[in-house]
Amino acid sequence: MNNSILKNYYIDLGIDEKVFDYCEAAEEKLKKRFEKADRIAEMNQIKVIKAMQDAGFAESHLYGSTGYGYNDLGRDTLEKIYANVFHTEDALVRQQITCGTHALYIALAGNLRPGDEILSVAGKVYDTLLGVIGVREEKGSLYEYGITYRQVDLLPDGSWDYEGIKNAINEKTKIIEIQRSKGYDVRRSLPVEAIGDIIKYVKSIKPDVICMVDNCYGEFVETLEPSDVGADMVVGSLIKNPGGGLAPIGGYICGTKECVENAAVRLTTPGLGKEVGASLGITRQFAQGLFLAPTVTAAALKGALFASEIYESLGFKTIPGAREERADIIQSVEFGNPELVKAFCEGIQAAAPVDSFVTPIPWEMPGYDSDVIMAAGAFVSGSSIELSADAPMKEPYAVYFQGGLTYPHAKFGIMMSLQKIVEKKLLVW
Ligand SMILES: *Cc1c(COP(=O)(O)O)cnc(C)c1O
């Protein structure tokens, strides 16, 4: 292949020759790891196709219902497909679920009753869930309904605190919450195998406890999902991995028939449950997005590997490291300097297909204790399966970034981030 044509394209877009050459050399070192990501994508792609075929997915299912949405065969078949992919009895996949937090809320609220307790076994739950549960005071929180919460942190080496978990389980414990991705926490993200270990353990102590996994950012990163290793419910957002970039909204809950039904009556109403909720023609985007999700997730993973390789080789701390196993699509780079953080985000923005001319600046955000800078130029607002980056402007000045619907775009974004850093002379090399 003629590399000089490609190089000229990048030079036209403002990438220096030296940056291009550096990135090409880094990419060369990633071949084996990229191959592995592609292989996982292949397995998941076939799994999704089989799920569609087994559900009898047909062209007539692509058209939606209006009004109440009774007898929406397309919607019901898509839910069957999700249940087939995650190997669960049932699924709830709706655009009436407004975001990941909402999906997690109805999964919890629908399955808990006053006097019940939630136990998080991997430390602090995702920030928005603190408000849902009532750890942070919010109107309408589960705490106001008499539901309590406990958490057990992972041990310093990232392993389960078996003793602590055993001591925390009591007669009130109804749901064990396991968050697969570390989110913006500093702990490790959890491989599916480790999730299986803890589910087995808690069920040996309390067999009827419900194990719920917050699956956000983890879908299709491995060939197994938490529901393959005993989870009663897996929950996530459709503007992350499983929406494949095409879903413009939505969330999902896959799990046992009873858990899904309990969540559905909380989403709609008692007595109506899954029967209502018009699909309004969105089934096509949900299904096509799910079809693309395995390769889109692989693209995002490769982008994360590429960034980790580049910035690690330049001497920065990256989490996960370039050679570590991955359990989600999030990559963080510790820059230790606000100017580097800003330059990085400017680069991501400059490489976007939408709003590339915008300059991201740090801003006060509700719910954060420091200014936050965000870079995103997405087709779907707030979609974090599309290439995006954000960073709280405080020590250790770490950028979190994720997504990339295609690997070439993720690669270009990272090259551009390095270009901005080089242009601002923030790096001696
Ligand atoms: C994104 C995310 C959520 C919440 O999703 P929203 O769609 O932003 O409400 C919950 N948990 C984890 C781990 C996430 O990454």
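Strands here are DSSP runs of E with at least two residues, helices are runs of H or I with at least four residues, and both are numbered from the N terminus. Two strands count as paired if DSSP finds at least two bridges between them.

This is a predicted model, in which local features need pLDDT of at least 70 and side-chain atom pairs count only at pLDDT 80 or more, while totals for chains, interfaces and linings use all residues. Residues are numbered from 1 along each chain as its sequence is written, and side-chain values use heavy atoms, with hydrogens and water left out.

Back to the sheet that holds S9 and S12. It is open, has five strands in the order S8-S9-S12-S11-S10, and its pairing is antiparallel. At the edges are S8 (317-319) and S10 (372-376), each of which pairs on one side only. From one strand to the next, the twist averages 15 degrees. For angles, axes are lines fitted to C-alpha atoms, for helices over the stretch in contact, and the values run from 0 to 180 degrees between N-to-C directions.

S8 pairs with S9 (residues 331-334) over three bridges, in the antiparallel sense. Thr318 has Val333 in S9 as its bridge partner. Helix H10, residues 283-313, packs on this sheet and touches S8, S9 and S12 (398-402). The direction of H10 makes about 15 degrees with that of S9. Contact here means heavy atoms within 4.5 Å.

Another runs from Glu395 to Pro396, with omega near 5 degrees. Pro396 belongs to the loop between S11 (388-392) and S12.

Now the other sheet. It is also open, with seven strands in the order S1-S7-S6-S5-S4-S2-S3 and mixed pairing. S1 (90-94) and S3 (148-151) are its edge strands, each pairing on one side only. Neighbouring strands are turned by 20 degrees against each other on average, direction ignored. S2 (residues 117-120) and S4 (residues 173-179) give an example of parallel pairing, over four bridges. There, Glu117 stands opposite Thr173 in S4. Helix H4, residues 73-86, lies across S1, S6 and S7 (251-255), and runs at about 125 degrees to S1.

Next, the ligand. Which residues surround the ligand? They are Cys99, Gly100, Thr101, Leu104, Tyr126, Gln179, Asp214, Cys216, Tyr217, Ser237 and Lys240. A residue counts as near if one of its heavy atoms lies within 4 Å. This shell divides into five nonpolar, four polar and two charged residues. Helix H5 (residues 100-111) gives the most to the shell, with three residues.

For polar contacts, the cut-off is a pair of N or O atoms within 3.5 Å. A nitrogen atom of the ligand is 2.6 Å from a side-chain N or O atom of Asp214. An oxygen atom of the ligand lies 2.8 Å from a backbone N or O atom of Gly100. At Lys240, a side-chain N or O atom is 3.0 Å from an oxygen atom of the ligand. On its own the ligand has 380 Å² of accessible area, and the protein covers 88% of that. These areas come from the Shrake-Rupley method with a 1.4 Å probe.

One last point on Tyr217, a residue of the shell. Tyr217 is not a glycine, yet has a positive phi of about 75 degrees. Its place is the loop between S5 (210-214) and S6 (233-237).

Key:
A polar contact is a pair of N or O atoms within 3.5 Å; within protein, one must be able to donate a hydrogen and the other to accept it, and residues adjacent in sequence count only if both atoms are side-chain atoms. Ala, Val, Leu, Ile, Met, Phe, Trp, Tyr, Cys and Pro count as nonpolar, Asp, Glu, Lys and Arg as charged, and the others, Gly among them, as polar.
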